[in-house]
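Hello,

Here is the structure I promised to pass on to you. Please open it next to this email, and I will walk you through what turned up in it.

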Amino acid sequence: MDNITAVGVMKRHLNERLFLVFENDKEIIYIPAGRSLLATMSEQLQDVSTDEMDLTMQEFIKLIKVTKNKFGTKIPEMITDYVKTVKGQINNAAVDQAYGFIKKILKADYISENDGEKIYFDEYHWVKLMYGSSGQQEVLWILMLVFATILEKKKTFIVIEEPEAHLFPIAQKDVMNLISLMINSANSKVLLTTHSPYILTSTNILLFSEKVENRHTKLNKIVIPKNLSEVSSITNSELDELITMEIDE
């Protein structure tokens, strides 16, 4: 069996196992840890041989090579070009909100240009991706892949390792908001691995907000936007044990 056939068999077997475990029928994307290494090597990525790498890393590098071609301009211009296509029907509110989160997290715009991948702080100030901060390098492909999913409204099952890597707590919260927006706007699923209490806390708040909203129809103000609230399997009795809320009638 040649290598191409073997990879195809492995992918089919993996998809079958994932469907049995997660009842998943969506496109599968795996985003590994250690992403800053690939950002550092961005100038040489086209020439990198993946033959000796494990299958998941091979697939991730192939995905980066394809996806970065979509980001030849800043995201607003990218959106304008996309809506001109036949498949250009988008969720404008979700796309605009996603771009807002990306700007807050990245503090810049990402563009893949002919002479390399760059991070633009404004029109006149930029650095090549390989010289960006470790946080920017680690989070970049989470942001870009999630944004592409929201823009194209693709049903996706994304596995993300350590989304918190080298990010401040506020940025970690915004990453979870962006991921939740994708889950709701693109009918996608996410599996995360994390060591961060901030990621866990942010996730719990988003999960509980859906339960609280369902229980209380008369809230004085909206704390968590509905399109960020995650549907959870937590029962109301379990919620009572975990949180206490005072509602002004």
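Helices H6 and H7 of this predicted model are roughly parallel to each other, because their angle falls under the 35 degrees that sets the limit for that description. H6 covers residues 134-152 and H7 covers residues 169-185; their axes cross at roughly 25° and come within 9 Å. The handedness of this crossing is left-handed. On the H6 side, the contact is made by Val 139, Leu 143, Val 146, Thr 149 and Ile 150. H7 answers with Val 175, Leu 178, Leu 181, Met 182 and Ser 185. Sorted by class, the contact holds 8 nonpolar and 2 polar residues, with no charged ones.

Thr 149 deserves a stop of its own. This residue of helix H6 has a relative accessibility of 1%, so it counts as buried, the cut-off being under 20%. Setting aside residues up to four places away in sequence, Thr 149 touches Met 182, along with Lys 154, Thr 156, Ile 158, Ala 186 and Ser 188.

H6 has another helix to show you. Helix H4 (residues 75-83) packs with H6 at an angle of about 30°, and the two axes are 12 Å apart. H4 and H6 are therefore also described as roughly parallel to each other. Their crossing is right-handed, while that of H6 and H7 is left-handed. If you want to find the place on screen, look for Ile 75, Met 78, Ile 79 and Tyr 82 in H4, which meet Phe 147, Leu 151 and Glu 152 in H6. The residues of this contact divide into 6 nonpolar and 1 charged, with no polar ones.

Is Lys 153 buried, exposed or partly exposed? Its relative accessible area is 40%, so Lys 153 is partly exposed. Lys 153 also brings together parts of the chain that are separated in sequence: its C-alpha atom is 7.3 Å from that of Ile 90, although the two residues are 63 apart along the chain. Beyond its neighbours within four places in sequence, Lys 153 is in contact with Gln 89, Ile 90, Asn 91 and Ala 186. Ala 186 is also among the residues that Thr 149 touches.

Now for the strands. An open sheet of 3 strands runs in the order E2-E3-E4, and its pairing is antiparallel. At the edges are E2 and E4 (126-128), each of which pairs on one side only. From one strand to the next, the twist averages 25°.

E2 (residues 109-113) and E3 (residues 116-120) run antiparallel and are joined by 5 bridges.

His 166, in the loop between E5 and H7, is not a glycine, yet has a positive phi of about 65°. With a relative accessibility of 55%, His 166 counts as exposed. Asn 187 is not a glycine either, and its phi is positive at about 50°. You will find Asn 187 in the loop between H7 and strand E6 (189-193), partly exposed with a relative accessible area of 43%.

Finally, some totals to set these places in context. The protein chain has 9 helices and 6 strands. Of its 249 residues, 43% count as buried. Among the contacts between residues at least 6 apart in sequence, 70% join residues at least 24 apart.

Enjoy exploring it, and do write back with any questions.

Best wishes

Technical notes. Residues numbered from 1 in each chain as written. Predicted model: local features only at pLDDT ≥ 70, side-chain atom pairs only at ≥ 80, totals over all residues. Heavy atoms only, no water. Axes fitted to C-alpha atoms, helices over the stretch in contact; angles between N-to-C directions. Helix = DSSP H or I, 4+ residues; strand = E, 2+ residues; numbered from the N terminus. Parallel < 35°, antiparallel > 145°, perpendicular 65-115°, else oblique. Left-handed = near helix turned anticlockwise from the far one by under 90°. Contact = heavy atoms within 4.5 Å. Nonpolar A, V, L, I, M, F, W, Y, C, P; charged D, E, K, R; others polar. Pairing = 2+ DSSP bridges. Buried < 20%, exposed > 50% of the residue type's maximum accessible area, 1.4 Å probe, protein only.
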